[in-house]
Amino acid sequence: MSAYNANWSLMTPEIVLMILALVIFTLDFMTGMSRNKPFLGRLSILSLLATTVLVAVFNRETGQIGDMFVVDGFAMVLKIVILLGVAGVIAISMYYVDRHRDVYQGEYYSLLLFATLGAMLMVSSADLITLFVGLELLSISAYCLAGFKKYNGKSTEAAIKYVVLGGTASAFILYGMSFVYGLTGTTSLVDINEAVPTLFADYPYIMTMAIMFMIAGFGFKISVVPFHMWAPDVYEGAPTPVTSFLSVVSKIAGFGIVLRVFFVGFESVYDEWAFIFALLAAITMIVGNMIAIVQRKVKRLMAFSGVAQAGYLLVPVATMVSLDMTMSMITFYAVAYLLMTLGAFAIITLVTEDTEDDALTSFSGLYQRAPYLAIAMTIFLLSLAGLPITAGFFGKFYIFVGAIQAEMLWLAVIMIFTSIVSFFYYFGIMKQMFMRDPKPNDDQTLSVPKPVSAVVTISLVGTIGFGLLANVLTNYFNNLQWFF
Amino acid sequence: MELDLYFSNYTYVIIFVLFGVALPVVSLTFGRLLRPKNPYDDKLSTYESGIKPTGEAQIRFHVAYYIVAIEFIIFDIETVFLYPWAVSLGQLGWVGLNAMLIFILILALGLGYSWKKRVLEWN
């Protein structure tokens, strides 16, 4: 099928979001030099919600545009997750930029929207080139966002580290892709999948090297050990809403391409690469959880917690019994991860901004200052730790059962033990909230601005809702056609 | 086997690298053996198009240079895209025309942005 008579309506959500992002970008520079433009934030949230509706309407049926762009169940679910995640990030940002008047809001919101567009393109790509273009659109916007506190040394340091290491990771991905292209002669993932079995038989070392290069690059984007070293510094230095963007949207989109490349492009040689992911998952869970224990700053703690969560998400990749089951496990956990991490970051943003301190002790006495936030944070932390009646528990439980079904007992055991270790540092935050008195300099009651409380409430309802009614989501996922 | 062809194509690259290394090494070595060696001050000084350097080479450039350089690269790349597009416009038809118009529109918005944000002013 030629790209010229393709069914372009499949791309409607992306096209509309691109136009809306350009409109917001243009509105910003046409309305004067002022930095404070809150209407652009509201407009951005509306654009994202409108795009979410369009995804639900136009991506319901599967299809593709000339081997480059594909719409299927996987793309639809991840796009909705990404769009709602960014809407939450923007809601948190509206509180943040209100306190930091030196942020150019128009640039901030339009960069977030362009990054979203890149993420949508990534999860929808059926071709290495489309995939890389989407990845770079997301990454370059994220580099700029990480350094948005221009006159803050840590933010600048974060941006520089992120751009240098991120560029290196992109180079690794491209180098691996160039090997694959050189051997197969195609960039289309479906064609690659057909060509790789014989290539693996003839040239096992070059193919393994190509795959290792790509895993190294993708591993950076989803912050998997040993490619995670950027995460704590960048998370700490970047503005807190941007940190939530990196840890939620960027990571889920990164997983999107890992799954797309490996389960569409290299599915036929699953046995060749599954073990690499099993090892990565194991060391990621161990190292992420162990280092998180000694963290004294809440954003660094969340960075290592995010590393550990990436490890849990890699377990089903390495322990596939049936593709549909694996996809529904990972996607369920991605939804749970979105809800609990976004909710936690909304509260972290509020607390660290209010106390102007990002140490764990900034949470001291939160139960007395804002009981609702303290209880909500407890639920999110329980979900991250994987305790019952939360979505995080069921996500982890499915992954655990999947690992046992695949007879990867050692991986399941590591997952359980590292989860127990994670209770320790998540309970450290709870101890601050409930068992310490508020610091004398802080206000005795913490007022919660509307956008933040909206994000917290929606995430809370989702976390508990999918914890109680997990089968609603899993039934829907089980009947989905994941890949076109 | 197709793949042997893939690797044998690199033979040219290896030959090219060998020649590239050998040429300066051989010619400079022979030159050294053949020429008389008699350096004096006038001979070593800069001549023809050169001038004597003043100050340090590693100074801080004005940040506006970088911004202008970025602007330049964007429109330089646009030109690179426009040439092959213009040559093959006959085959691309209306789809190709629309695609390039969208591309130019996005770049024009970027130019408008830097204009309004006074990037193009040098003060």
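Helix α2 of chain A covers residues 38–58, 21 residues in all, and spans 30 Å from first to last C-alpha. That is close to the 30 Å expected at 1.5 Å a residue, the expected span being 1.5 Å times one less than the number of residues. Helices here are DSSP runs of H or I, at least four residues, numbered from the N terminus.

This is a predicted model, so local features need pLDDT of at least 70 and side-chain atom pairs count only at pLDDT 80 or more, while totals for chains, interfaces and linings use all residues. Residues are numbered from 1 along each chain as its sequence is written, and chains are lettered from A and ligands numbered from 1 in the order in which they are written.

Back to α2(A). Its buried residues include Leu40(A), Ser44(A), Leu48(A) and Val55(A); buried means 20 or more other C-beta atoms within 10 Å of the residue's own, exposed 12 or fewer, partly exposed in between, with C-beta atoms placed from the backbone. Seen down the axis, the buried residues of α2(A) fall within an arc of 140°, so they line one face; the arc is taken over directions from the helix axis to the C-beta atoms. The face turned away from that side carries the exposed Pro38(A), Phe39(A), Leu46(A) and Val57(A).

What do the buried residues of α2(A) pack against? They pack against α1, α3 and α4 of chain A.

Ser44(A) is also in contact with Leu112(A), contact being C-beta atoms, placed from the backbone, within 7 Å.

Finally, the chain pair: 8 residues of chain A are in contact with 9 of chain B. On the chain A side, α1(A) gives the largest share, 4 residues.

Terms used
Helix = DSSP H or I, 4+ residues; strand = E, 2+ residues; numbered from the N terminus. Contact = placed C-beta atoms within 7 Å. Lists of a residue's contacts leave out its neighbours within four places in sequence.
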